[in-house]
Each structure stands twice: as structure tokens, then as C-alpha cells.
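This briefing is meant for a reader who is meeting the structure for the first time. Please keep the sequence and the 3D view at hand while going through the points below.

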Amino acid sequence: MTAPPRQSNRKPGQRRPGQSAQAAREEAERSPGLPARLAAAAILSDVVAKAHPLDDCFSPQAVPSRISGLDPRDVALTRSICTAALRRLGTIRKALAQRLEKGLPKSVAHLEWTLIAAAAQILFLDVPDHAAVDLAVRATRLEAKSTPFAGLVNAVLRNIARAREEILAGADPLRDDVPVWLAARWIKTYGEEAAERIARANRDEPTLDLTVKSDPAGWAARLGGLVLPTGSVRLLTHAPIAELEGYGDGLWQVQDAAAALPARLLRIEPGARIADFCAAPGGKAAQLAFRGAKVTAIDRSAERLKRLAANFARLGVDAEIVVADVASLKAQPFDAVLLDAPCLSTGTIRRHPDVAWTKKPSDLARLVETQARMLDRAVELTRPGGEIVYCTCSLEPEEGEAQIAALLRRNREVERSPIGADEIGGLAEALTPEGELRTLPFHLPAQDPRAGGLDGFFAARLRRL
Ligand SMILES: C[S@@+](CC[C@H](N)C(=O)[O-])C[C@H]1O[C@@H](n2cnc3c(N)ncnc32)[C@H](O)[C@@H]1O
């Protein structure tokens, strides 16, 4: 984690300087929805201004925690507000800029987050307009220096509520809700039309996809979902995952339909020794174990491996777990290696809208270098004749197609082993001419638009010569 967020070191509902504890308590009691709104504004600032991943902000280890003291319903509401705001941040900022021509004075610049959180509720959530406006005004009045702006906050938000239809109709998915640098990259790589379809798909709420140990049709029937051609079970539920049948018994795991593909591409015999080089939190390694492989799950993050171990325990997966940097890993060659390398993650924006605002183009060069080093190591540690699957959840070609092309140029000990459409449920549009996997968020369309789409993933299968 980076430095602790400073904007509001007070916990939601905590008193401001000069305010008595009794008065703060009374204020929170008078405005039961206020703590969630304060937490949402603070978290939005942490994510966008300080590049804190959204998941980290909601983790019990977050320091300082913006959600400590909130009841579970308020935590869920805070998360909904943040997710909606991040998914449509450009649309919201445009609407605010049109109504705040002179912007906000520096001394109260943090009010932008209060306005963004409130606008997200008005435009995208099922929250009564008057509640969203009223709580934003109350939040503004919590500090003496921002109190004079309460009237402005009220007027701007009421105006947004009145203009809702016009704002939504005028929002351009690619130009408004994707950072300029990323939109330019997608246009360059995929062309204007596909870039726009990616951006449009990223606006949709993602489905809940499961990878089941066996009997996808049975699980789809039991849980009220459908079986995708790729074998994943897709649900549209918002129910808490742990309450769904089969979770506690470890009979399935949550995994995006695209993320479920790379591990399936390794052609392995039961008992084969397989290394997952970047294993945590373990989704792909578990798939390999389900198929009877002897898995060595390696990751350099001991913390993330704790989550992997907990997932494996629930799923009944037995694997060797190793904390190591694969760059310096010493091991006997494996029968196969899966390398799900760290990347910009721009294929996962639908599920993680914070990625659009926390990742920077300057991160790319370092990641590409790391991936290349890991790929070289994967080749070295695969026995002759063994397979390697390299994948990233990125839409950037430097982390996918170009990375593999560069490997094949510099290393003659490995060749591409093309993937067939029959291996990925007939999803031919997701194959490149070289036989590599390239899913885009708008692939796998469905009659019910809420049931379509998947993460953007790249995967290549290689064979050690
Ligand atoms: C994309 S995530 C892996 C997701 C995982 N394969 C799954 O399916 O659940 C990338 C992982 O790479 C790990 N990592 C990054 N650099 C590494 C290195 N040099 N050696 C080992 N692991 C590394 C990170 O800690 C992170 O857990």
C-alpha cells in the first residue's frame, strides 16, 4: 500500500475539529446514510488521486480504513457507489464540469469527491435523488471551510438530477469513460469500432461466472444459471457468493469465463508435474489440480499465497505452495508451466473499473520487461516436449502478441502450438491468425445483454523443443 490517504483521516461519522463527540454522534444518528457517503467520497479520492486499488480499500488491512465502523449494508452501499462512480467517472466529471464552470476553489477541492459520489447515486444507482442530494449537502456542512459551498453542491446536484436523461444520452463510452491514453491505444490496436465496443461492454455490470469441478449443466440448473459454450457456468445473481449452494463444499470457484480458458489449454496427463509461476490467488492452479495434475503453485507474494492456501483448502486442492520470485527459482524442469504474468490488467476493467484510473502508461515498459524475463525462465524450466501457456488479462498487445513474437525471435528452443476453436467452445472470433487467444470484453454476446461479455485475455500455447 502507498502512503495512507490524508484527505479524511477521520473515520466515517468521526467528529471534525471543534465539534463535540456528542454533536458528531447526533449528526450521524440524524443522517443514517451519511457514513457510507463519506466513506465513498474518501475511497474515490484514495483510488483516483492516490492510485489505491479499490479492493485494497475494502480489505480489513486497509490503513486507515474508510469503512471501519460501518455495518455490512453500508459497506455494500459504499462499494456500489464507488464502483458506479469509477465505471462512469468521465461521464460524471463532464456533467460536473458543465455545471461548475469555474471549478472548485483549491481549499475545498476535496468536495469534488462528495459531488462525484452523489452524482453516481443520482445517475446510476437506485437511490432517491433527494437522499443523494441531501446527504451530500450534509457532508459538505461537516467542515467549516466547505460549509459556504453547501448551496452550490445542492444546486449542482439538483441540476444533474433534472438533466439525467440528457446526460446519459450524451455520454460517449469511449471518449468520456475511458482515459484518453487508453482510448488512443485501443483505437490504434483494434480500430475505432472495436475500441468503442470494448468501452461500451466495460460499462455493463459483469456476470458472476463459476468454474465447476464437474457437471456444469447440473450446477447451472441448481443455481439458475446457464452453461457457456466455453464450459463456465454463468449467473446473474447478486446474492452473497458464500451463501450459494456448493460454495462451502468447494464444488466450484468464482472465475471469469475468459480467465478459465488458459489453464484448459495445457494438454496434460493426470499426475503431470505442473508449475504455476504466478499462482495467487490460485484460480488457474486449482483448475490444473482438478484435472489431476501435481501442481506447484509459486508466487512471490506470501500474503497473496495465504489467500491461495485458503482457496485450496475450501476446494480440497492439494498442491505444493512455494513463495519465490520466479526469476531466481531453482527447480527440476516441469512437464508444463503456466505463466499468468503480472500486467496492466486492462482486460478486467469491466470487473475492476478502478484499473482504468490507477494504471498508467508508464507502468507498461517495466511490466513488459518482467514478463519477458519470466517467459525465458518458463522455457528454461519446462522439459523438452513440455508445454507452456503464457497469459495476461491485458488488452495491450505489448503484453500479449508482441511479447510472444519477441520470445520466438530470441529463443529457438520453443515454438508456438496453435490453439483450435474447438478448445475454446467454438469461440473462433477470439483466435488470432497465429492461433493465439485474444478475448475482448464484447465477445460472447447474449440475447439478454446482461448475460454477455467476458474479460479481455491473451493466451499463447508454446512447446519446448
Ligand atoms: C495475474 S496474478 C495471478 C493470478 C492467478 N494466476 C490466478 O489465476 O488466480 C499475477 C501474480 O504474479 C505474482 N508475481 C508478480 N511478480 C512475480 C515474480 N517475479 N515471481 C513470482 N510471482 C510474481 C503476483 O504476486 C500476482 O499474484
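In this predicted model, an oxygen atom of the ligand is found 3.0 Å from a polar backbone atom of Gly282. The points below begin with the surroundings of the ligand and then turn to the strands.

**Around the ligand**

- The ligand is surrounded by 18 residues, and the closest of these are Cys278, Asp299, Arg304, Asp325 and Asp340.
- Cys278, one of the closest residues, places a backbone N or O atom 2.9 Å from a nitrogen atom of the ligand.
- Arg300 likewise has a backbone N or O atom that lies 3.2 Å from a nitrogen atom of the ligand.

- Strand 6, which spans residues 294–299, is mostly covered, with 5 of its 6 residues buried.
- Strand 5 (residues 273–276) runs parallel to strand 6 and is joined to it by 4 bridges, and within this pairing Ala275 stands opposite Thr296 of strand 6.
- Strand 7 (residues 320–323) also runs parallel to strand 6, again with 4 bridges between the two, and here Ala297 stands opposite Ile321 of strand 7.
- Helix 15 (residues 283–290) forms a right-handed β-α-β unit together with strand 5 and strand 6.
- Helix 16 (residues 302–315) forms a right-handed β-α-β unit with strand 6 and strand 7.

- An open sheet is built from 4 strands in the order 2-3-1-4, and the pairing in it is antiparallel.
- Strand 2 (226–227) and strand 4 (252–254) are at the edges of this sheet, and because each has a single partner strand, one side of each is left without a neighbour in the sheet.
- Strand 1 (residues 208–212) and strand 3 (residues 233–235) are paired in the antiparallel sense over 3 bridges, and in strand 3 it is Arg234 that stands opposite Asp209.
- As a general point, the strands of a sheet pair through backbone hydrogen bonds, and this pairing may be either parallel or antiparallel.

How values were computed. Residues numbered from 1 in each chain as written. Predicted model: local features only at pLDDT ≥ 70, side-chain atom pairs only at ≥ 80, totals over all residues. Heavy atoms only, no water. Pairing = 2+ DSSP bridges. Near = heavy atom within 4 Å. Polar contact = N/O pair within 3.5 Å; in protein donor to acceptor, adjacent residues only side chain to side chain. Buried < 20%, exposed > 50% of the residue type's maximum accessible area, 1.4 Å probe, protein only. Right-handed = clockwise from strand over helix to strand, strands pointing away.
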